[in-house]
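Please look over the sequence and the structure shown below before reading on.

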Amino acid sequence: MADICQNTFNFDIRPAVGGQDFLVAFSNQKAVEWFDRWPDWHVPAIIIYGVAGCGKSHLANLFKIKSGALLITPSLLEEVGVSRILENETSCIVDDAEIGVDEETLLHLYNGLASAGRHLLMTAEKPPGLWGISLKDLESRLKSMPCVEIGLPDDRLLEAVFAKYFADRQLLVGADVVSYLLPRIERSLSMAQKIVEKIDQHSLAAGRKVTLPLVRQVLASNFD
């Protein structure tokens, strides 16, 4: 039985700390092109959107590492305020921008960064036209920004992701294991990581190798 972790996948990789490398595929290529282009953006802000688990927060974290951008959270805004943030930061990230920050604050943040020639990366599950924005000034700013979708991972990308996650845990698994998993999981990178973690835990607890019968048990007990 061939070891899936020994297969070669023709994917570009964006290295990150902590072993969480980012695999570049058709579904995320446009977003990665913006990541690679920074700091030579011709706009002050971009929006990356896609369903939960598609990898947008992972890419935002890579942007944070590359640019030194500050991750904006509601608690940080309450504690520090936008004005103080604008005094000290050259780049910012707003995750879940359609729900995480009120409209006035988001407009203030954008205007401050844009006027100083700085950058803002926003992530969301939906394009800004579906955010239900009531503040017209903010709506016009959002319409002017590049908006890039990260699609759902296809089988080829998920197969490579599984191979990487298993290899990161020094687990050699058969190709039949990955073939079994692909049609039976939610199509997201975060779910693939969660399943590999569960399989590893079950394998250690049972003192067994990762085989198809073991994987069937894990799916039946944890994900039904």
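## The largest pocket

Helices α2 and α10 (189-206) each supply at least two residues of the lining of the largest pocket, where helices (H or I, at least four residues) and strands (E, at least two) are DSSP runs numbered from the N terminus. This is a predicted model, in which local features need pLDDT of at least 70 and side-chain atom pairs count only at pLDDT 80 or more, while totals for chains, interfaces and linings use all residues. Residues are numbered from 1 along each chain as its sequence is written, and side-chain values use heavy atoms, with hydrogens and water left out.

About 210 Å³ of space lies in this largest pocket, and of the 15 residues that line it, Gly53, Gly55, Ser57, His58 and Ser190 are the closest to its centre. On a 1 Å grid over the protein atoms alone, a pocket is an open set of points with protein on both sides within 12 Å along at least five of seven lines, a cavity is a set of points where a 1.4 Å probe fits but cannot get out, and lining residues have an atom within 4 Å of a point. Grid points are joined across faces, edges and corners, and a volume is the space filled by probe spheres set on the points. By class, the lining of the largest pocket has five nonpolar, seven polar and three charged residues, with Ala, Val, Leu, Ile, Met, Phe, Trp, Tyr, Cys and Pro counted as nonpolar, Asp, Glu, Lys and Arg as charged, and the others, Gly among them, as polar.

The structure holds two cavities of 30 Å³ or more, and the second largest cavity has a volume of about 40 Å³. Its lining is made by Ala31, Trp34, Phe35, Trp41, Ile46, Ile48, Leu59, Phe63 and Leu121; α1 (29-37), β3 and α2 are the elements that give two or more residues to it. The largest share, three residues, comes from α1, and by class the lining has nine nonpolar, no polar and no charged residues.

## The sheet and its helices

Five strands form an open sheet in the order β4-β5-β6-β3-β7, with parallel pairing, and two strands pair if DSSP finds at least two bridges between them. The edge strands, β4 (70-72) and β7 (147-149), each pair on one side only, and the twist averages 20° from one strand to the next.

Helix α2 (residues 56-67) packs on this sheet, touching β3, β4, β5 (91-94) and β6 (119-124), and its direction makes about 165° with that of β6. Contact here means heavy atoms within 4.5 Å, while axes are lines fitted to C-alpha atoms, for helices over the stretch in contact, and angles run from 0 to 180 degrees between N-to-C directions. Helix α6 (residues 103-115) also lies across β3, β4, β5 and β6, running at about 145° to β6.

## Strand β6 and its neighbours

Strand β3 (residues 45-49) is joined to β7 by three bridges and to β6 by five. Tyr49 has Glu149 as its bridge partner in β7 and Ala124 as its bridge partner in β6.

Six of the six residues of β6 are buried, that is, under 20% relative accessible area, with exposed meaning over 50% and partly exposed in between (1.4 Å probe, protein chains only). His119, Leu121 and Thr123 point one way from β6, and Leu120, Met122 and Ala124 the other way. Ser91, found in strand β5, has His119 as its bridge partner in β6 and counts as buried because its relative accessibility is 2%.
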